[in-house]
Amino acid sequence: MELPKVGSLGEYIRQQRQQAKISLRQLAAQAGVSNPYLSQVERGLRKPSAEILNQIAKGLHISAQALYVQAGLIEDREPHSDVLAAIRADVTLTGRQRQVLIDIYESFHKENRAADSARPPQSAEDLGDDPVLPNGITPEKEG
């Protein structure tokens, strides 16, 4: 998972909060911390615990994993995905909308991995899916 490049965890939290149009007070209340504490986190003066990061992530409607990676608590082990990078970079979407799209995309991958491990690979014809050309037209079947 590729995250936007920001200088620190605090800057990342502030950026996500502003994109979600949530005030510092609202996020502090949702995370169960004081306004001054959250302000200090955003300014890089405090490093929150994993539990507080989890609560902040819930308040922002983003993945806790994204905050853990940003905080350096875990390594980013998900393979690079242009789709995920594009979703995260789209400033026209709210934080919640981005997270929903990411969750759906990842659930498709998880479902496909489980299905792939349970059966041998099949062609699109075997599945009954018609191939779609880049212009959105499906070729007519011969015969």
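Colleague: Which exposed residues are carried by the face of helix 6 turned away from its buried side?

Modeller: In this predicted model, helix 6 spans residues 82-89, and its buried residues are L84, A85, I87 and R88. These cover an arc of only 160° around the axis, which puts them on the same side of helix 6. The face turned away from that buried side carries two exposed residues, D82 and A89.

Colleague: How many helices and how many strands does the protein chain have?

Modeller: Read from the N terminus on, the elements run α-α-α-α-α-α-α-α. The count for the protein chain is accordingly 8 helices and 0 strands.

Colleague: What share of the contacts with a separation of 6 or more comes from residues 24 or more positions apart?

Modeller: The contacts considered here are those in the protein chain with a separation of 6 or more. Of these, residues 24 or more positions apart account for 50%.

Colleague: Are the axes of helix 1 and helix 4 roughly parallel or roughly antiparallel to each other?

Modeller: The axes of helix 1 (residues 9-19) and helix 4 (residues 50-60) come within 10 Å and cross at roughly 25°. Angles under 35 degrees count as roughly parallel. Helix 1 and helix 4 are therefore, relative to each other, roughly parallel.

Colleague: How many nonpolar, polar and charged residues has the contact of helix 1 with helix 4?

Modeller: Helix 1 passes helix 4 in a left-handed crossing. On the side of helix 1 the residues in contact are L9, I13, Q16 and R17, and they meet L53, I56 and L60 of helix 4. By class, this contact has 5 nonpolar, 1 polar and 1 charged residues.

Colleague: Which residues of helix 1 are buried?

Modeller: Helix 1 covers residues 9-19 and is followed by K21, whose phi is positive, near 55°. Within helix 1, the buried residues are L9, G10, Y12, I13, Q16 and R17.

Colleague: Are helix 4 and helix 5 roughly parallel or oblique to each other?

Modeller: The axes of helix 4 and helix 5 (residues 64-71) come within 8 Å and cross at roughly 135°. The crossing of this pair is right-handed. Given that angle, helix 4 and helix 5 are therefore oblique.

Colleague: Which residues in helix 5 meet helix 4?

Modeller: By class, the contact of helix 4 with helix 5 has 8 nonpolar, 1 polar and no charged residues. Helix 4 contributes A50, L53, N54, I56 and A57. The residues they meet in helix 5 are A64, L67, Y68 and A71.

Colleague: With which residues is Q99 in contact, leaving aside its neighbours within four places in sequence?

Modeller: Q99 is placed in helix 7 (residues 95-118). Its relative accessibility is 9%, so Q99 counts as buried. Apart from neighbours within four places in sequence, Q99 is in contact with H61, I62 and S63.

Colleague: How many Å apart in space are P36 and L24, C-alpha to C-alpha?

Modeller: P36 belongs to helix 3 (residues 35-42) and is exposed, with a relative accessible area of 53%. P36 and L24 are 12 residues apart in sequence. In space, C-alpha to C-alpha, P36 and L24 are separated by 9.3 Å.

Key:
Residues are numbered from 1 along each chain as its sequence is written. This is a predicted model: local features need pLDDT of at least 70, side-chain atom pairs count only at pLDDT 80 or more; totals for chains, interfaces and linings use all residues. Side-chain values use heavy atoms; hydrogens and water are left out. Axes are lines fitted to C-alpha atoms, for helices over the stretch in contact, and angles run from 0 to 180 degrees between N-to-C directions. Helices (H or I, at least four residues) and strands (E, at least two) are DSSP runs, numbered from the N terminus. Angles under 35 degrees count as roughly parallel, over 145 as roughly antiparallel, 65 to 115 as roughly perpendicular and the rest as oblique. A crossing is left-handed if the near helix is turned anticlockwise from the far one by less than a right angle, and right-handed if clockwise. Contact means heavy atoms within 4.5 Å. Ala, Val, Leu, Ile, Met, Phe, Trp, Tyr, Cys and Pro count as nonpolar, Asp, Glu, Lys and Arg as charged, and the others, Gly among them, as polar. Buried means under 20% relative accessible area, exposed over 50%, partly exposed in between (1.4 Å probe, protein chains only). The arc is that of the directions from the helix axis to the C-beta atoms.
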